Amino acid sequence: MRTRGKPDWEPEVATPSTPPSNGGVGVGQAVKEVTDRLKTILTLEIELAKLEVSRKIAAFAVGIAMLVAAAVFALYAVGFLLAALASGLDTWLPHWLADLAVGLGLLLIVLPLALIGRKKLSSPPVPKRAIHEAKLTSEALKKSDGA
């Protein structure tokens with residue numbers, strides 16, 4: 001119930017022992033909120049990096065498994081083709097020379113393939129998007145820090 005002449009609210013007087021309660025938050029609370037949000041952002045960026053790396057590793061593993069399966073079948077196919085080639089060369093050359101020619105020809109094909117394959121597998125899976133997001137976040141924090 002309201003009385004005449006008296007307001008239904010009491011004005012607050014800030015004293016050194018009590019912080020002002022003007023509807024806003026104090027500096028300590030604001031720092032705590034910023035810290036909590038920064039922790040959340042960093043946690044999410046770490047999760048993004050883990051997810052991205054795990055997806056790339058899974059795709060990498062599937063690719064390696066498919067290459068191994070293809071290599072096994074190719075090995076058998078190449079064996080039969082080389083046997084047929086050696087048998088064909090055996091009609092013009094001695095048997096040992098036909099086998100030697102086929103073996104050396106195979107080495108000339110295998111060595112460059114092995115070197116190229118090793119070079120392709122030498123780069124580790126890097127979470128590029130997560131690193132990009134982390135850089136953007138740090139730049140945004142630096143800009144907001146200076147403003």
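Angles under 35 degrees count as roughly parallel, over 145 as roughly antiparallel, 65 to 115 as roughly perpendicular and the rest as oblique. In this predicted model, local features need pLDDT of at least 70, side-chain atom pairs count only at pLDDT 80 or more, and totals for chains, interfaces and linings use all residues. Residues are numbered from 1 along each chain as its sequence is written, and side-chain values use heavy atoms, without hydrogens and water.

Helix H1 covers residues 27–89 and helix H2 residues 95–120; their axes come within 8 Å and cross at roughly 140 degrees. H1 and H2 are therefore oblique to each other. The crossing of H1 past H2 is right-handed.

**The contact**

H1 brings Val-78, Leu-82, Leu-85, Ala-86 and Leu-89 to the contact (heavy atoms within 4.5 Å), and H2 brings Ala-98, Asp-99, Ala-101, Val-102 and Leu-106. Nine of these residues are nonpolar, none is polar and one is charged.

**The largest pocket**

The largest pocket holds about 620 Å³ of space. It is lined by 16 residues, of which Leu-67, Ala-71, Val-110, Leu-113 and Ala-114 are the closest to its centre. H1 and H2 are the elements that each give two or more residues to the lining, and H2 gives the most, with eight. The lining has 13 nonpolar, one polar and two charged residues.

Note on methods
Axes are lines fitted to C-alpha atoms, for helices over the stretch in contact, and angles run from 0 to 180 degrees between N-to-C directions. Helices (H or I, at least four residues) and strands (E, at least two) are DSSP runs, numbered from the N terminus. A crossing is left-handed if the near helix is turned anticlockwise from the far one by less than a right angle, and right-handed if clockwise. Ala, Val, Leu, Ile, Met, Phe, Trp, Tyr, Cys and Pro count as nonpolar, Asp, Glu, Lys and Arg as charged, and the others, Gly among them, as polar. On a 1 Å grid over the protein atoms alone, a cavity is a set of points where a 1.4 Å probe fits but cannot get out, and a pocket is an open set with protein on both sides within 12 Å along at least five of seven lines; lining residues have an atom within 4 Å of a point. Grid points are joined across faces, edges and corners, and a volume is the space filled by probe spheres set on the points.
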